[in-house]
Amino acid sequence: MTRLSASIHGWLLLLPALALLALFTHFPAVATLIDSFYSTPRGARGSVYVGLDNYLTMVEDPVFWTSLVNSIWFALGTIPISIALAILMALWVNDRIAGRTLVRMAYFTPTILPMIAVANIWLFFYTPQYGLLEQVLGTLGVPSHNWLGSPSTALTCVIVVAIWKEAGFFMIFYLAALQQIAPHLAEAAALEGASRWTFFRRVQFPLLMPTTLFVLVNAVIGAFRTVDHVIVMTRGGPDNATSLLLFHLYQVGFSFWDTGYAAAITAVLLAILATLAFGQYFFLERRVHYR
Amino acid sequence: MNGPMRVDPYEPRGVARVVESAGAALLALFWVLPLLYALWTAFHPAEYSTRFTPDAPLTLENFSRAWAAAPFARYFLNSFLLVTLVLACQFVLCTLAAYAFARYEFPGRELAFLLVLVQLMIMPDVLIVENYRTMSRLGVLDSIPAIALPYVASAFGVFLLRQTFKTVPRELDDAARVEGANALQVLMRVYVPLARPVYIAYGLVSVSYHWNNFLWPLIVTNSVESRPLTVGLQVFSSGDQGIDWSVICAATLMTSAPLLLAFLLFQRQFVQSFMRAGIR
């Protein structure tokens, strides 16, 4: 095969995928940046260049800042706890405990449920008066509380649901990594008289670091693109207490139809993801070279 | 591992094993509790939804009421068509692109690969406003292809298959070519069969993702004819006609049932697939 025909074949094979990627990833990403400098077309008035107006609107929009802070809290609340639980689950399931298969299945099940179904179930769990949480707390004598209805607890409720959904998914990566650790390390550590905790802290945990990095990057990206449960459980309320950045974007874009401003919010979201992307890219490259 | 079983010195024994098993089981119980609770509510009359007595009568009434209250049959069909369409297109597009990246030398290959990887960071979920506009320009709003289109060229699929194709020995490729097979025949006869486990893994993850996907279908559809199950469920359960919780629970379980049952039957394959192709 000549070099020329190899080039032509190569590009022809790529063409369908690249064309669709260009249309639905590259073009919209660039168009978003351009649109963020233009006004939203209203009726007969087309969109005009407005410079940084949309970004000024954003700076002055208290809901944007609330949503950004909520997203950060959501990430900080969800990720460390899910990772810690995932490691604990993986350590347990990796040992020859009783009912290991059933236990692993229980941990993993939330992963394959639709987030919207999960949210519906938990919505009932949190319901004032009738909900299971209220019933249980009621018998313990805890005063009634509207968990999803009060700004002080709503975000925490949403975080709990996300942890429940994600921990079992992260567990399987840790489980795979634990099984890669050479058995002679445990034997050597035991000869040295290391306790199990020391073995975990000094041997297993450091060896799990690449997995933790991988899970971390995915979890952070995930935290900025999960909104299904917010749409079902709280619609961003009460008083924007659970409005995440992507939810705010959804509202501005598809409830207020303010596409110019929505483009500016998308641009910020893309900037956040691009920053995270460096970590992700760095990591993927390493995986490529491993093979 | 091969060879005689080695004894893990940190494997818990005796009391430690009992304590650890109990802890693991307790967390597992806590983990399935919401699901068990939904099952209880869905299979019992509404007045028992928070009264857990062993003599509560079982019923399928909630399921039949949910089924009658919304066009769930149509939603099931839509979701089925959606995941089939997405998966079929993903397999074809990603296979071709992965083959090019794995086995062709051509100018611009590295740049093209970078352009593909961009989608790992900038996922369609975030580009909803612009993609909605594109669909509107193409005149395909409110259709199943509109839900599928942004996802069919999957960077992750390309990446995963490229990694797999790279491990295929060159000699197999050469042997097939010596026998007169052209590039596509080599791909179909040598590469695709060898990558079968990866296709299964990627397929399971893709089907789960698109069966469960919600935000983009919610935005781009607004009729019974194109709505997938997730959006149908949301329209049904947020309706203001005062549907009771037992019926919503039944509908929720119905929506999750196909994947849940498949998972219970093929647990090992699911876990391994998500591990292999887990980045989604």
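Among the contacts in chain B between residues at least 6 apart in sequence, 76% join residues at least 24 apart, two residues being in contact if their C-beta atoms, placed from the backbone, lie within 7 Å. The structure is a predicted model, in which local features need pLDDT of at least 70 and side-chain atom pairs count only at pLDDT 80 or more, while totals for chains, interfaces and linings use all residues. Residues are numbered from 1 along each chain as its sequence is written, and chains are lettered from A and ligands numbered from 1 in the order in which they are written.

Chain B has 14 helices and zero strands, where helices (H or I, at least four residues) and strands (E, at least two) are DSSP runs numbered from the N terminus. The radius of gyration of chain B is 24 Å, well over the 19 Å that the globule rule gives for 280 residues, so chain B is more spread out than a compact globule; this radius is taken over C-alpha atoms, and the rule is 2.2 Å times the number of residues to the power 0.38. The C-alpha trace of chain B spans about 75 × 65 × 35 Å along its principal axes. Of the 280 residues of this chain, 44% count as buried, a residue being buried if 20 or more other C-beta atoms lie within 10 Å of its own, exposed if 12 or fewer, and partly exposed in between, with C-beta atoms placed from the backbone. In helix α5 of chain B (residues 128-138), the buried residues are B:I128, B:V129, B:E130, B:N131, B:Y132 and B:M135, and the helix is followed by B:G139, whose phi is positive, near 70°.

Chain A comprises 13 helices and zero strands. Its radius of gyration is 24 Å, whereas a compact globule of 291 residues would have a value near 19 Å, and its C-alpha trace spans about 80 × 75 × 30 Å along the principal axes. Buried residues make up 46% of the 291 residues in chain A, and among contacts in this chain between residues at least 6 apart in sequence, 70% join residues at least 24 apart.

Between the two chains, 82 residues of chain B are in contact with 79 residues of chain A. The element that gives the most to the side of chain B touching chain A is helix α1 of chain B (residues 15-43), with twelve residues. That side divides into 56 nonpolar, 16 polar and ten charged residues, where Ala, Val, Leu, Ile, Met, Phe, Trp, Tyr, Cys and Pro count as nonpolar, Asp, Glu, Lys and Arg as charged, and the others, Gly among them, as polar.

Leaving aside its neighbours within four places in sequence, A:M171 is in contact with A:A86, A:M89, A:A90 and A:Y107.
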